[in-house]
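Welcome, and thanks for taking a look at this one. Here is a short briefing to read alongside the sequence and the model.

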Amino acid sequence: MIEFAHPVWFVLLLVPLAVWIITVRRRRKQTGLTVTSVRPPTGMSLWLRLYRVLPIVPPFVLTLLVVALAGPHVGHDRTYVPSTGVSIVLAVDVSESMAALDFTLDGNSVNRLAAVKAVVDDFLKKRPGDRIGLVVFGSNAYTQAPLTLDHDALALALDRVSIGAAGSKTAVGDALGIALKRLEDVDSTSKVIVLLTDGRSNAGEISPESAALVAKQAGVTVHVIGVGSDKPAPFIINDPLFGQRVVHQRLEIDEPLLRSIADETGGLFFRASDTEGLRRIYDTINTLEKSDFKVMTFGDTTPLSGWFIGAAFGLMLVWMVLTATRLLSAP
């Protein structure tokens, strides 16, 4: 988008306007051939057409120069963030139990992962100056997005995650291990893992207790969110005999283990049984983990005045050549 540094110069546009008006009035006073139509005669040559255009060239050139004086430029906003601050890794459970339809969005029933995606997207918007990464886990754990300031890309990476993508079981210890690996060489005043799960740890090579001990030694705070209530949760299944139908299953969360992980690392344990509760939890974490630096935004501009000046002088040069040669007018 073109912006102007000194728009006050546009008042000088009155000059080319006045020149154009004076030129038009002079041409009207000149004696000419009277015709019965305002349309140009059939077969009018190119040179005659150019001759008729010549009077508007000087005011147009003046207009270009005025625009150049106004300082046109294309602006690009850039953001600079200091290298230290809060670094957060979101560890999100994507095991098959996250398909439970016990959450709502806009009045519609959705699975747990869909609710998490919506709430995390809001959470990212509230922390523009923090580096945030994403680890997803099921039977296995892997990095979906490294620590980044590009939260739009991070939200897109989370949106692409599907239930069961990392396996059907729950490897809490491996998820913590991968998240700690992402924070290992990061220079931050605070390092945080937000672990979200809805089941029991029943897979993986690293025990949750060992991972929590490593986090404590590394000075990493782990906040833990247990998703789901103690009531049976609805699931959609494809029955080979009856087709697609809804069944209710009870899912157990290992709350003592999750609490111990949070307590060991100086974090907090939360329980979310609905979307609003989940949103309040992320708002609480957002309040707890405040950044202690400011994001600075500055403008990077590309000046365009030279283009307008070049066009003005080029056009004026053509006008001078034509009026001194082929389109020379007799006094």
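Two rings of Phe, Tyr or Trp (its six-membered ring) pair if their centres lie within 6.5 Å, and planes over 60 degrees apart make the pair edge-to-face. This is a predicted model, and it holds 2 aromatic pairs. The ring centres of Phe4 and Phe10 are 5.0 Å apart and their planes meet at 75°, so this pair is edge-to-face.

**Confidence**
- The protein chain has an average pLDDT of 85, with 85% of the residues scoring at least 70.

**The aromatic pair and the nonpolar patch**
- Phe4 is partly exposed at 34% relative accessible area, and Phe10 is partly exposed at 27%.
- A nonpolar patch on the surface has about 1,100 Å² of accessible area together, and its members include Val8, Trp9, Trp20, Val53, Ile56 and Leu69.
- Helix α1 (residues 14-29) gives the largest share of this patch, with 5 residues.
- Trp20 lies in helix α1 and is partly exposed, with 40% relative accessibility.

**A buried strand residue**
- Where does Thr197 sit? Its place is in strand β8, which covers residues 190-197.
- Thr197 is buried, with a relative accessible area of 0%.
- Leaving aside neighbours within four places in sequence, the contacts of Thr197 include Asp93, Phe137, Thr170, Ile225 and Leu258.

**Salt bridges**
- Side chains of opposite charge can pair when their charged atoms come close.
- The count of salt bridges in the model comes to 14.
- Glu184 and Lys181 form one of them, with their closest N and O atoms 3.2 Å apart; Glu184 is partly exposed at 47% relative accessible area.
- Arg200 forms a salt bridge with Glu252, and the closest N and O atoms are 3.5 Å apart.
- That pair links distant parts of the chain, 52 residues apart: Arg200 is in the loop between β8 and α7, and Glu252 is in the loop between β11 and α8.
- Glu255 and Arg259 meet in a salt bridge at 3.0 Å, N to O.
- Helix α8 holds both Glu255 and Arg259, 4 residues apart, about one turn of the helix.
- Salt bridges with shared partners join Glu255 and Arg259 with Asp230 and Arg271 into one network.

Technical notes
Residues are numbered from 1 along each chain as its sequence is written. This is a predicted model: local features need pLDDT of at least 70, side-chain atom pairs count only at pLDDT 80 or more; totals for chains, interfaces and linings use all residues. Side-chain values use heavy atoms; hydrogens and water are left out. Rings of Phe, Tyr and Trp (its six-membered ring) pair if their centres lie within 6.5 Å; planes under 30 degrees apart count as stacked, over 60 as edge-to-face and the rest as tilted. Buried means under 20% relative accessible area, exposed over 50%, partly exposed in between (1.4 Å probe, protein chains only). Patches are made of residues with over 30% relative accessible area and no salt bridge: like charges are joined within 9 Å, nonpolar side chains (Val, Leu, Ile, Met, Phe, Trp, Tyr) within 5 Å. Accessible areas come from the Shrake-Rupley method with a 1.4 Å probe; for residues, only the protein chains shown count as cover. A salt bridge is a side-chain nitrogen of Lys or Arg within 4 Å of a carboxyl oxygen of Asp or Glu. Helices (H or I, at least four residues) and strands (E, at least two) are DSSP runs, numbered from the N terminus. pLDDT is the predictor's confidence in each residue, from 0 to 100. Contact means heavy atoms within 4.5 Å.
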